[in-house]
Amino acid sequence: MNKTVMIIAHRMRTVADADKIVVLKEGKVAETGTPSELMEKSGIYAAMVKTQLTAANWSL
């Protein structure tokens, strides 16, 4: 059975296993690819992943 599931997320781990990610910026497609392809591009997706990983290690 073929099906498409669309997930809108701000947490990168939510889409970490996705087959394809579409990154939007100001309502336009900025990047597309698999999570590993987007990490290699070092663009918006990679920056968000790195920011969230850094924030996960913060403590008060």
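Val22, Leu24 and Val29 together make a nonpolar surface patch of about 290 Å². Patches are made of residues with over 30% relative accessible area and no salt bridge, with nonpolar side chains (Val, Leu, Ile, Met, Phe, Trp, Tyr) joined within 5 Å and like charges within 9 Å. A salt bridge is a side-chain nitrogen of Lys or Arg within 4 Å of a carboxyl oxygen of Asp or Glu. Accessible areas come from the Shrake-Rupley method with a 1.4 Å probe, and for residues only the protein chains shown count as cover. Leucine 24 belongs to strand S1 and is exposed, at a relative accessible area of 57%. Exposed means over 50% relative accessible area, buried under 20%, and partly exposed in between (1.4 Å probe, protein chains only).

The model is a predicted one, in which local features need pLDDT of at least 70 and side-chain atom pairs count only at pLDDT 80 or more, while totals for chains, interfaces and linings use all residues. Residues are numbered from 1 along each chain as its sequence is written, and side-chain values use heavy atoms, with hydrogens and water left out.

The protein chain holds two helices and two strands, in the order β-β-α-α along the sequence. Helices (H or I, at least four residues) and strands (E, at least two) are DSSP runs, numbered from the N terminus. The C-alpha trace spans about 45 × 25 × 20 Å along its principal axes. Of the 60 residues in the chain, 18% count as buried.

The largest pocket contains about 760 Å³ of space. A pocket is an open set of points on a 1 Å grid over the protein atoms alone, with protein on both sides within 12 Å along at least five of seven lines; lining residues have an atom within 4 Å of a point. Grid points are joined across faces, edges and corners, and a volume is the space filled by probe spheres set on the points. The lining consists of 21 residues, and Ile7, Val15, Lys20, Ile21 and Val22 lie nearest the pocket centre. S1 and helix H2 (44–56) each supply at least two lining residues, and S1 gives the most, with four. By class, 14 residues of this lining are nonpolar, three polar and four charged. Ala, Val, Leu, Ile, Met, Phe, Trp, Tyr, Cys and Pro count as nonpolar, Asp, Glu, Lys and Arg as charged, and the others, Gly among them, as polar.

The second largest pocket has about 150 Å³ of space. Arg11, Met12, Arg13, Val49, Gln52, Leu53 and Ala56 line this second pocket, a set of four nonpolar, one polar and two charged residues.

Glutamate 26, with a phi of about 55°, lies in the loop between S1 and strand S2 (28–33). Glutamate 26 counts as exposed because its relative accessibility is 76%. Serine 42 also has a phi of about 55°, and its place is the loop between helix H1 (35–41) and H2. The relative accessible area of serine 42 is 52%, so this residue is exposed.

Valine 5 sits in the segment before strand S1 (21–25). With a relative accessible area of 63%, valine 5 is exposed. Valine 5 and tyrosine 45 are separated by 40 residues in sequence and by 19 Å in space, C-alpha to C-alpha.

Technical notes. 1 Å grid on protein atoms, 1.4 Å probe; cavity = no way out; pocket = protein on both sides within 12 Å on 5 of 7 lines; lining within 4 Å.
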